[in-house]
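Please read the following briefing alongside the sequence and the coordinates.

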Amino acid sequence: MAGVPRLICAAADLPDGGDAQRFELDLEGVRRPAFVQRWRGQAFAYVNSCAHIPVELDWNPGRMLDDSGEYLICATHGALYVPDSGLCVAGPCVGRSLQALRVREENGQVFLVDGAGDE
Ligand code: FES
C-alpha cells in the first residue's frame, strides 16, 4: 500500500536507543497508532499494537525499549521484541511479530513509506 512518502520526524528527533516518535496512520481504513524507533543507528517502524493483545506497547509515551536497550517491551505483560525485526522472543506471544512499516531516511528526515498514501 505504498504512496507518497510521509514525513514522520526529523532524524535528529530520533536519538539512538532513546524515545521513539509516535504517529498514526490509516491501514485499510482503520486509524492505527504507530511508532518509529532508532536502534543501533537505524530507524524501524511498527504499528503500536502488541502481538499478544492489541494494546499499545509504551510504558511512557514513546518509551519502547527495556532497561537494557536491547528489546522493545510491552508495558502490559512484558513481551520482548527484537527492535530490528519486531519478532517476540520472550513473553506470552513468543514467535509472533509486531506489524512492521517501512521507513526511510533522507536529507535528515524520516519518512514513512508503507501506508503513507492512506492519510
Ligand atoms: S498485551 Fe503485550 S504482552 Fe500482553
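The notes below take up each topic in turn.

This is a predicted model, in which local features need pLDDT of at least 70 and side-chain atom pairs count only at pLDDT 80 or more, while totals for chains, interfaces and linings use all residues. Residues are numbered from 1 along each chain as its sequence is written, and side-chain values use heavy atoms, with hydrogens and water left out. Helices (H or I, at least four residues) and strands (E, at least two) are DSSP runs, numbered from the N terminus. Two strands are taken to pair if DSSP finds at least two bridges between them.

**Strands and sheet**

- An open sheet is formed by four strands in the order E2-E3-E4-E8, and the pairing is antiparallel; strand E2 (21–27) and strand E8 (100–101) are the edge strands, each pairing on one side only.
- Within this sheet, seven bridges join E2 and E3 in the antiparallel sense, and Gln 21 has Val 36 in E3 as its bridge partner.
- Strand E9 (residues 103–106) and strand E10 (residues 109–114) run antiparallel and are joined by four bridges, with Glu 105 standing opposite Val 110 in E10.
- E9 and E10 form a hairpin that has two residues between them, and Asn 107 in the turn has a positive phi of about 50°.

**Salt bridges**

- The structure holds eight salt bridges, where a salt bridge is a side-chain nitrogen of Lys or Arg within 4 Å of a carboxyl oxygen of Asp or Glu.
- For the accessibility values that follow, buried means under 20% relative accessible area, exposed over 50%, and partly exposed in between (1.4 Å probe, protein chains only).
- One of the salt bridges brings together the side chains of Arg 31 and Glu 24 at 3.2 Å, N to O; Arg 31 is partly exposed, with a relative accessible area of 44%, and Glu 24 is also partly exposed, at 39%.
- Glu 105 and Arg 38 meet through their side chains in a salt bridge of 2.8 Å, N to O, and this pair links distant parts of the chain, with Glu 105 in strand E9 and Arg 38 in strand E3 (residues 30–39), 67 residues apart.
- In that pair, Glu 105 counts as partly exposed at 35% relative accessibility, whereas Arg 38 counts as buried at 9%.
- The side chains of Arg 40 and Glu 70 form a salt bridge at 2.6 Å, N to O; Arg 40 lies in the loop between E3 and strand E4 (42–47) and Glu 70 in the loop between E4 and strand E5 (72–73), so the pair ties together parts that are 30 residues apart in sequence.
- Arg 40 is exposed, with 58% relative accessibility, and Glu 70 is partly exposed, with 33%.

**Cysteines**

- A disulfide is defined here as a pair of cysteine sulfur atoms within 2.5 Å, and by this rule the count comes to zero disulfides.
- The cysteine sulfur closest to that of Cys 88 belongs to Cys 93 and lies 3.6 Å away, which is too far for a bond.
- Cys 88 counts as buried, at 1% relative accessibility, and Cys 74 is buried too, with a relative accessible area of 2%.
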